[in-house]
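This briefing goes through sheets, helix packing and chain contacts in turn. Please keep the sequence and the 3D view open while reading.

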4 protein chains.
Amino acid sequence: MILINFKTYEESQGKRALALARAAEKVGKEYGVCIAVAPQHVDIPLIAKNRSVPVFAQHVDPEMPGSHTGHITPESVVEAGACGSIINHSERRLRADVIEEIVGRCGSLKLITCVCANTSRVGKALAALSPEMIAVEPPELIGSGISVSKAKPEVITDSVRMIRAVNPKIKVLCGAGITKGEDVAAALRLGSEGILVASGIVKAKDPEAVLRDFAEHMRR
Amino acid sequence: MILINFKTYEESQGKRALALARAAEKVGKEYGVCIAVAPQHVDIPLIAKNRSVPVFAQHVDPEMPGSHTGHITPESVVEAGACGSIINHSERRLRADVIEEIVGRCGSLKLITCVCANTSRVGKALAALSPEMIAVEPPELIGSGISVSKAKPEVITDSVRMIRAVNPKIKVLCGAGITKGEDVAAALRLGSEGILVASGIVKAKDPEAVLRDFAEHMRR
Amino acid sequence: MILINFKTYEESQGKRALALARAAEKVGKEYGVCIAVAPQHVDIPLIAKNRSVPVFAQHVDPEMPGSHTGHITPESVVEAGACGSIINHSERRLRADVIEEIVGRCGSLKLITCVCANTSRVGKALAALSPEMIAVEPPELIGSGISVSKAKPEVITDSVRMIRAVNPKIKVLCGAGITKGEDVAAALRLGSEGILVASGIVKAKDPEAVLRDFAEHMRR
Amino acid sequence: MILINFKTYEESQGKRALALARAAEKVGKEYGVCIAVAPQHVDIPLIAKNRSVPVFAQHVDPEMPGSHTGHITPESVVEAGACGSIINHSERRLRADVIEEIVGRCGSLKLITCVCANTSRVGKALAALSPEMIAVEPPELIGSGISVSKAKPEVITDSVRMIRAVNPKIKVLCGAGITKGEDVAAALRLGSEGILVASGIVKAKDPEAVLRDFAEHMRR
């Protein structure tokens with residue numbers, strides 16, 4: 001699985017978000033690879049209605065429907081068409097008890113959770129909360145263009161081993177610094193089952209071409 | 001002006017948000033009163049595209065377009081069709097320096113700001129940051145059904161006086177516990193120029209009828 | 001082990017903190033039971049200098065010595081005489097990655113860590129971060145006078161089992177609602193190795209007498 | 001007034017805090033200038049008992065005495081011997097409503113408040129909350145060695161003018177980048193009535209000599 005985090009980049013907002021989702025859909029079908037997109041909250045319904053790709057939120061709050069203002073309830077993103085959510089991204093870290101609460105809330109709504117961890121040890125900790133996926137991203141490599149699979153391969157192998165020991169059903173994604181198909185291949189060889197990528201696609205001159213490169217290495 | 005905060009209520013989410021926005025549009029036109037709506041973030045584009053009412057976000061973050069995840073940039077809500085944002089609601093309080101930053105960011109994008117204050121003194125403080133509107137809401141009355149104009153009229157008169165002394169261009173809205181047209185009339189008599197309302201409309205059996213009652217007292 | 005959280009109660013501040021620490025020291029020696037105290041930060045040096053009891057901080061921040069204002073560095077509490085710290089108390093919850101950072105910082109300073117968890121699952125998660133102790137406290141029972149060992153015995157047995165499976169060296173403390181010696185006995189029978197208590201001692205008419213009752217049941 | 005923020009520097013912790021407070025006391029008496037110190041929380045009682053200088057906390061929380069863990073109540077620092085507190089330092093920013101609450105809490109305990117502001121506009125806003133002092137510090141100059149009185153003199157003159165217009169009783173301190181007596185003199189010429197300093201003293205090779213230089217320019 002390739003999960004593209006659109007972040008709050010200008011290049012992946014509104015109409016450009018829709019165009020990028022179209023590229024994801026196209027390449028995904030071509031290669032038979034699952035490519036999901038995580039646009040900004042206001043862009044979720046646009047993409048969910050017009051494109052046939054899995055749409056993730058970038059974050060959800062634990063708040064229930066009710067008297068809360070400015071929060072992103074899991075219910076609101078489900079109704080908007082999302083099928084999952086990134087949780088605890090390094091740019092949006094959360095309290096341990098709140099992550100448990102959000103994973104539980106999402107589970108009851110059948111919203112797939114991809115929880116992020118900065119280290120293999122935090123990955124192991126969060127595995128106890130039983131999300132569907134854990135994406136391990138050393139924060140210092142995010143947006144660096146230096147692939148975690150090259151710079152810190154042991155972070156991936158350790159994470160895979162430690163997370164599986166807690167709960168073998170959890171899929172481990174590899175994130176941070178992935179820009180080329182060979183980074184994807186390396187991540188898979190090290191035991192991860194997918195990647196979480198942002199600037200590597202969003203900021204690419206030709207995102208569709210890079211996605212195709214990723215997908216090709218994912219399929220092998 | 002009547003600003004309806006949809007909060008994260010089930011009754012004002014997705015399709016129900018659109019229906020409520022339609023009622024706001026209809027009553028607003030009938031009575032020549034400006035009625036704005038503040039739906040959840042994912043519902044902004046739906047309403048902005050389909051209804052001709054001013055749409056506010058319930059909150060925006062100060063983050064710039066760029067490498068941020070799960071934040072609501074002012075740019076994203078502008079592109080989604082919003083013309084303003086509630087800021088610092090009692091259910092989403094912010095740091096003083098961050099409010100200044102957000103008001104500045106919104107100003108440069110011509111996004112109207114309605115900053116909330118819990119007391120007249122905080123209202124006076126926030127007036128120094130020059131938002132377009134300040135909504136004064138004693139938190140203990142929110143959702144209480146007890147109108148601030150009855151329970152604490154001095155909060156409104158003090159706020160109007162203190163905020164105008166700092167910056168006479170700022171419009172003062174009155175919030176908390178407003179459920180009837182006469183509450184609206186009282187708020188205007190005390191010097192405010194509009195109301196911020198949530199459960200009084202959203203949780204009403206017949207929201208359109210209550211809105212009509214509000215609008216009638218607003219027009220007088 | 002009995003760890004008394006003095007919280008910010010008036011009854012356990014300043015001079016009263018010192019008196020309570022004296023009672024803890026006295027009863028601890030009488031019964032040969034380890035009784036530690038966690039006073040407010042400003043009271044740490046007073047107690048550490050004058051009484052021979054283990055002193056814990058109620059919280060430490062991850063910040064390093066340097067250009068930070070208003071934070072509690074682990075170094076400062078070590079120099080003040082503390083030998084450990086409560087971390088992530090339900091009244092002072094922390095981010096998952098920050099808990100890892102603090103536990104690591106404390107470890108390098110030989111400061112004992114007692115990390116709190118609200119559920120057995122969060123307890124299991126935090127066990128991956130290898131603190132010396134985990135105190136499991138269902139927040140709804142804190143200060144209730146209803147002992148967790150009676151109301152929710154499965155929270156303790158589950159926690160003990162799940163935490164030991166991750167790391168058998170971690171000592172599990174039982175917290176929330178403990179007011180009598182028999183609550184202590186029940187907590188030990190269910191597999192925990194100590195208790196975390198606050199109002200049960202601090203707010204007691206005769207704290208020393210209650211401590212004696214606790215210690216007697218701890219010793220058996 | 002000279003207020004020395006000890007921050008969490010190693011050089012101003014524990015015994016070194018006491019030594020620095022002694023220097024402040026000595027120079028203050030010599031020159032007849034009020035020099036206050038703001039040590040780390042655990043060091044407040046040590047200094048308050050042994051030295052005759054005004055002691056400030058670096059931060060206090062709004063929490064009341066009671067069931068709170070790890071918070072710094074105003075009551076605890078009063079009992080420990082502090083006579084005031086820094087609030088909302090740029091390294092410890094607070095919500096607007098919380099600043100109002102803390103200033104009120106401190107006022108009722110006769111604890112002097114020095115509220116920090118990053119800009120003249122935020123300074124004006126916080127003036128509405130009536131603290132005794134407002135320290136204006138452009139965060140980018142903190143620890144820079146570049147004096148605000150040289151780099152951005154208009155920040156001081158604007159702040160003094162805007163804050164006085166709201167409440168002429170508030171004393172305006174000037175902070176950030178002050179390392180020499182002439183920086184102090186410049187700050188006073190621009191209308192401020194004192195300075196907030198940290199690394200300029202704490203990290204100096206001979207803090208007492210620098211303090212003497214400051215005091216001399218303060219007296220003139």
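Which residue in E8(B) does B:Ile2 stand opposite? The residue is B:Ile195. The model is a predicted one.

**Sheet of chain B**

- Chain B has an open sheet of eight strands, paired in parallel and ordered E2-E1-E8-E7-E6-E5-E4-E3.
- Its edges are strand E2 (35–38) and strand E3 (56–57) of chain B, each of which pairs on one side only.
- Further in, strand E1 (residues 2–5) of chain B is joined to strand E8 (residues 194–197) of chain B by three bridges, in the parallel sense.

**Sheet of chain D**

- In chain D, eight strands form an open sheet with parallel pairing, and the order reads E2-E1-E8-E7-E6-E5-E4-E3.
- Strand E2 (35–38) and strand E3 (56–57) of chain D each have a single partner strand, so one side of each has no neighbour in the sheet.
- Helix H1 (residues 15–31) of chain D packs on this sheet, where it touches strand E1 (2–5) and E2 of chain D.
- The direction of H1 of chain D makes about 165° with that of E2(D).
- Four bridges link strand E5 (residues 112–117) of chain D to strand E6 (residues 133–136) of chain D, again in the parallel sense.
- D:Cys116 has D:Ala135 in E6(D) as its bridge partner.

**Helix pair in chain C**

- Helix H1 (residues 15–31) of chain C packs against helix H10 (residues 207–219) of chain C at an angle of about 30°, and their axes are 10 Å apart.
- Angles under 35 degrees count as roughly parallel, and H1(C) and H10(C) are therefore roughly parallel to each other.
- The crossing of H1(C) past H10(C) is right-handed.
- On the H1(C) side, the contact is made by C:Leu20, C:Ala23, C:Ala24, C:Val27 and C:Tyr31.
- On the H10(C) side, the contact residues are C:Pro207, C:Glu208, C:Leu211, C:Arg212, C:Ala215, C:Glu216 and C:Arg219.
- By class, the residues of this contact between H1(C) and H10(C) are eight nonpolar, no polar and four charged.

**Chains C and D**

- Chain D is superposed on chain C by a rotation of 180° with 0.0 Å of shift along the axis, at an RMSD of 0.0 Å.
- The two copies are thus related as by a two-fold rotation axis.
- Within chain D, D:Val42 has the C-alpha nearest the axis, at 2.3 Å from it.
- Both copies use the same surface, since 100% of the contact residues of chain D recur in chain C.
- The contact involves 36 residues of chain D and 36 residues of chain C.
- On the side of chain D that touches chain C, the elements giving two or more residues are helix H2 (44–50) and helix H3 (74–79) of chain D.
- H3(D) provides the largest share of that side, four residues.
- That side of chain D divides into 10 nonpolar, 19 polar and seven charged residues.

**Chains A and B**

- Chain A brings 36 residues into contact with 36 residues of chain B.
- Helix H2 (44–50) and helix H3 (74–79) of chain A each supply at least two residues of the side that touches chain B.
- The largest share of this side of chain A is the four residues from H3(A).
- The side of chain A that touches chain B consists of 10 nonpolar, 19 polar and seven charged residues.
- A 180° rotation with 0.0 Å of shift along its axis superposes chain A on chain B, with an RMSD of 0.0 Å.
- The C-alpha of A:Val42 is the one nearest the axis in chain A, 2.3 Å from it.
- Of the interface residues of chain A, 100% are also interface residues in chain B, so the copies meet through the same surface.

**Chain pairs without contact**

- Chain B does not touch chain C, and their nearest C-alpha atoms are 16 Å apart.
- Chain A and chain D are joined by no contact either, with their closest C-alpha atoms 16 Å apart.

Definitions and conventions. Residues are numbered from 1 along each chain as its sequence is written. Chains are lettered from A and ligands numbered from 1 in the order in which they are written. This is a predicted model: local features need pLDDT of at least 70, side-chain atom pairs count only at pLDDT 80 or more; totals for chains, interfaces and linings use all residues. Two strands pair if DSSP finds at least two bridges between them. Two residues are in contact if their C-beta atoms, placed from the backbone, lie within 7 Å. Axes are lines fitted to C-alpha atoms, for helices over the stretch in contact, and angles run from 0 to 180 degrees between N-to-C directions. Copies are superposed by least squares on the C-alpha atoms of residues with pLDDT of at least 70 in both. Ala, Val, Leu, Ile, Met, Phe, Trp, Tyr, Cys and Pro count as nonpolar, Asp, Glu, Lys and Arg as charged, and the others, Gly among them, as polar. Angles under 35 degrees count as roughly parallel, over 145 as roughly antiparallel, 65 to 115 as roughly perpendicular and the rest as oblique. A crossing is left-handed if the near helix is turned anticlockwise from the far one by less than a right angle, and right-handed if clockwise.
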